[in-house]
Amino acid sequence: MKTDATSSLCGDFMLAVYLDGQGRVPGYGTGLGFGLSGAMLMELALDGFLHTVDGYLVAVHGAQPQNRALGEVLVRIRSSRKPRTASEWVRALSADAHRRLSAGMIAEGVLVRTPTRFPLPTGLARRYDVLDGERRDAVVRSLGSAADSSERSVALAALAGACGAASGGRERGGSEAMLRSLSPACAQILTAVAACVWLGALSSWT
């Protein structure tokens, strides 16, 4: 079981997809927040903490991940008064997914917070320096390669694709074939991320 942010799916998504090359947090409306919350949920599903029942995400009782951010998410799902779909959880968790993950990655020495500044013309704030550049580079390379067919690599590439941030290195058919081998919970989470990103983009156009 993966237990630290540097080797987790959600940590990889944070480093290679969510933050840009200068460590900046994406602007509003990009949809990457949905990808980040989806990565946290998919990480829990891959490690056996979540499964699906009648279309809802259900937490397995008893076990607890060592990753603090994921543990907080799992507690929130367990304590929910009513069952929620993957789409509902992706939306609900997207607002503070970045805050939860960044705190742990700073504590582990993966990221460091930098003074906020607003470079023109983008208006984005530079928020972090990535201290583990080697790790980030390796994950970025894996996004453009079909060689790594592990569950986490396939899930990461699929999430990046759902957010419109995928590299063209993986053949579409091959990625879809590997994705079908993932659990129903992971498939539902990925579908939910793609739908949330699409709806967010649609609302920004209107």
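Student: What makes up the secondary structure of the protein chain?

Tutor: In this predicted model, the secondary structure of the protein chain comes to 9 helices and 4 strands, and along the sequence they follow the pattern α-α-β-β-α-α-α-β-β-α-α-α-α. Of the 206 residues of the chain, 44% count as buried.

Student: Why is R127 called buried?

Tutor: A residue is called buried when its relative accessible area is under 20%, and R127 has a relative accessibility of 19%, so R127 counts as buried. Its place is in the loop between β3 (111–113) and β4, where the C-alpha atoms of R127 and P115 are separated by 6.7 Å although the two residues are 12 apart along the chain.

Student: Why is R68 called exposed, and what is E72 called?

Tutor: The word exposed requires a relative accessible area over 50%, and R68 has 68%, so R68 is exposed. E72 has 31%, which lies between the cut-offs of 20% and 50%, and therefore E72 is called partly exposed.

Student: How do you know that E72 and R68 form a salt bridge?

Tutor: The test asks for a side-chain nitrogen of Lys or Arg within 4 Å of a carboxyl oxygen of Asp or Glu, and the closest N and O atoms of E72 and R68 are 3.5 Å apart, so the pair passes. Both residues lie in helix α3, 4 residues apart, which is about one turn of the helix.

Student: What makes the pair of R100 and E72 a salt bridge, and which parts does the pair tie together?

Tutor: The side chains of R100 and E72 meet at 2.7 Å, N to O, and because the limit is 4 Å this counts as a salt bridge. R100 lies in helix α5 and E72 in helix α3, so the pair ties together parts that are 28 residues apart in sequence. R100 also meets D96 in a salt bridge, with 3.2 Å from N to O. At 13% relative accessibility R100 counts as buried, and D96, with 17%, is buried as well. Salt bridges that share partners join R68, E72, D96, R99 and R100 into one network.

Student: How do you know that the buried residues of α4 line one face of the helix?

Tutor: In helix α4 (residues 86–94), the residues A86, S87, W89, V90, L93 and S94 are buried. Seen down the axis of α4, these buried residues fall within an arc of 165 degrees, so they line one face of the helix.

Student: What puts the buried residues of α6 on the same side?

Tutor: In helix α6 (residues 133–143), R136, V139, S142 and L143 are buried, and they cover an arc of only 125 degrees around the axis, which puts them on the same side of α6. These buried residues pack against α1, β4 (128–130) and α7 (151–162), while the face turned away from the buried side carries the exposed residues E134 and R141.

Student: Which residues of the largest nonpolar core touch the most other members?

Tutor: Of the 58 residues in the largest nonpolar core, F13, L41, M42 and L50 touch the most other members, and the largest share of this core, 9 residues, comes from helix α2 (residues 32–46). Leaving aside neighbours within four places in sequence, L50 is in contact with residues including L41, L57, L74 and A185.

Note on methods
Residues are numbered from 1 along each chain as its sequence is written. This is a predicted model: local features need pLDDT of at least 70, side-chain atom pairs count only at pLDDT 80 or more; totals for chains, interfaces and linings use all residues. Side-chain values use heavy atoms; hydrogens and water are left out. A nonpolar core is a set of buried Ala, Val, Leu, Ile, Met, Phe, Trp, Tyr and Cys residues joined through side-chain atoms within 4.5 Å. Buried means under 20% relative accessible area, exposed over 50%, partly exposed in between (1.4 Å probe, protein chains only). Helices (H or I, at least four residues) and strands (E, at least two) are DSSP runs, numbered from the N terminus. Contact means heavy atoms within 4.5 Å. The arc is that of the directions from the helix axis to the C-beta atoms.
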